[in-house]
Structure formats: structure tokens, C-alpha cells
Amino acid sequence: QVRLVESGGGLVQPGGSLRLSCAASGVIFRIGLMGWYRQAPGKQRELVSFISTGGRANYADSVQGRFTISRDTAENTVYLQMNSLKAEDTAVYYCNIVREATGSEYWGQGTQVTVSS
């Protein structure tokens, strides 16, 4: 059974940094894209960043230049380094992986990030 577990969330002041991690277990298939989404209270879930098997990364305009996504050599862990955090970054952050062969998606339970003074 596939499980994705996020960690690294917490409370930080504006301008601070956090690093999120997502470890996938029980994966017996080839993983394609890996990414991060977030959902703020009363808002739609939105894509933050995704990374390909070759390490090519894409970012939402709102986080470009502040966040960096990466994945390990085993392609079963994805990270999100978040710098220069703003109050508008406050949300629950979810990791996501895609089964390359079918396009099926798998989600973690989420980790809370709160940016507040």
C-alpha cells in the first residue's frame, strides 16, 4: 500500500525558511512527476511546484525565486525548500506523486505551514 508522509511544517515569522520533506513507501511502480500543492482556508488547492524524473523543475509564479524543489536519487522522496516566506504562503502543503505508466496520482495527508508575526 502506497503511503506518502510529509514533514517539516510549522510556524515561522515572515521572511523565515522551512524545508518540507515527503517520503513515499510501498511504491512498486515507476514514479513520474513529483510535486507539491497547497490549500489555504477558504481557497482552492493550487499547484506550488513539480519536478520531473530528469530533475526539471517548474514553479507557480507566486513562489518563483523563493522555493526550490528537489528529489533524491531513488526518486521516492521529494523536498521543498521555502525561503523568504510570506503570510500568503500559509496553507496545508500536500505532496503528490504520479505513476508514470498510468498517470494515477497519490497524495499525502498534508503538513501545516503558518507564516505569522
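This is a predicted model: local features need pLDDT of at least 70, side-chain atom pairs count only at pLDDT 80 or more; totals for chains, interfaces and linings use all residues.
1. Start with strand 4, which covers residues 31-39. Its partner strand 9 (residues 91-99) runs antiparallel to it, and seven bridges hold the pairing. To find your place there, look for methionine 34, which sits opposite isoleucine 97 of strand 9.

2. Strand 4 also pairs with strand 5 (residues 46-51), again antiparallel, this time through five bridges. Here glycine 35 is the one to look for: phenylalanine 50 of strand 5 stands opposite glycine 35. Strands 4 and 5 make a hairpin, with six residues between them. In that turn, glycine 42 has a positive phi of about 75 degrees.

3. Now the disulfide. A search of the whole structure turns up one, and the link runs between cysteine 22 and cysteine 95, with the sulfurs 1.9 Å apart. The angle about the S-S bond is 40 degrees, and the link is right-handed. Cysteine 22 belongs to strand 3 (residues 18-25) and cysteine 95 to strand 9, so the link ties together parts of the chain 73 residues apart in sequence. Both cysteine 22 and cysteine 95 are buried.

4. Next, the inside. In soluble globular proteins, nonpolar side chains tend to be buried together. The largest nonpolar core in this model has 26 residues. Trp36, Phe67, Val78, Leu80, Met82 and Tyr93 have the most contacts inside this core. At least two core residues come from each of strands 3, 4, 5, 7 (67-71), 8 (77-82), 9 and 11 (111-115).

5. Methionine 82 deserves a click of its own. Which residues does methionine 82 touch, once neighbours within four places in sequence are left aside? The contacts are Gly16, Ser17, Leu18, Leu20, Arg66, Phe67, Tyr93 and Val113. Two of these, Phe67 and Tyr93, are also on the list of core residues with the most contacts.

6. On to charges. Side chains of opposite charge can pair when their charged atoms come close. The whole structure has four salt bridges. One of them joins glutamate 100 to arginine 30, at 3.0 Å from N to O. Glutamate 100 is in the loop between strand 9 and strand 10 (105-107), while arginine 30 is in the loop between strand 3 and strand 4, so this pair ties together parts 70 residues apart in sequence. Glutamate 100 is partly exposed, at 39% relative accessible area, and arginine 30 is exposed, at 60%.

7. Is arginine 38 buried or exposed? With a relative accessibility of 4%, arginine 38 counts as buried, because the cut-off for buried is under 20%. The side chain of arginine 38 meets glutamate 46 in a salt bridge (2.8 Å, N to O), and glutamate 46 is partly exposed at 34%.

8. A salt bridge also joins arginine 38 to aspartate 89, at 2.9 Å from N to O. This pair links distant parts of the chain, 51 residues apart: arginine 38 is in strand 4, and aspartate 89 is in the loop between strand 8 and strand 9. Aspartate 89 is buried, as is arginine 38. Through shared partners, salt bridges join Arg38, Glu46, Arg66 and Asp89 into one network.

Conventions
Residues are numbered from 1 along each chain as its sequence is written. Side-chain values use heavy atoms; hydrogens and water are left out. Two strands pair if DSSP finds at least two bridges between them. Helices (H or I, at least four residues) and strands (E, at least two) are DSSP runs, numbered from the N terminus. A disulfide is a pair of cysteine sulfur atoms within 2.5 Å. Buried means under 20% relative accessible area, exposed over 50%, partly exposed in between (1.4 Å probe, protein chains only). A nonpolar core is a set of buried Ala, Val, Leu, Ile, Met, Phe, Trp, Tyr and Cys residues joined through side-chain atoms within 4.5 Å. Contact means heavy atoms within 4.5 Å.
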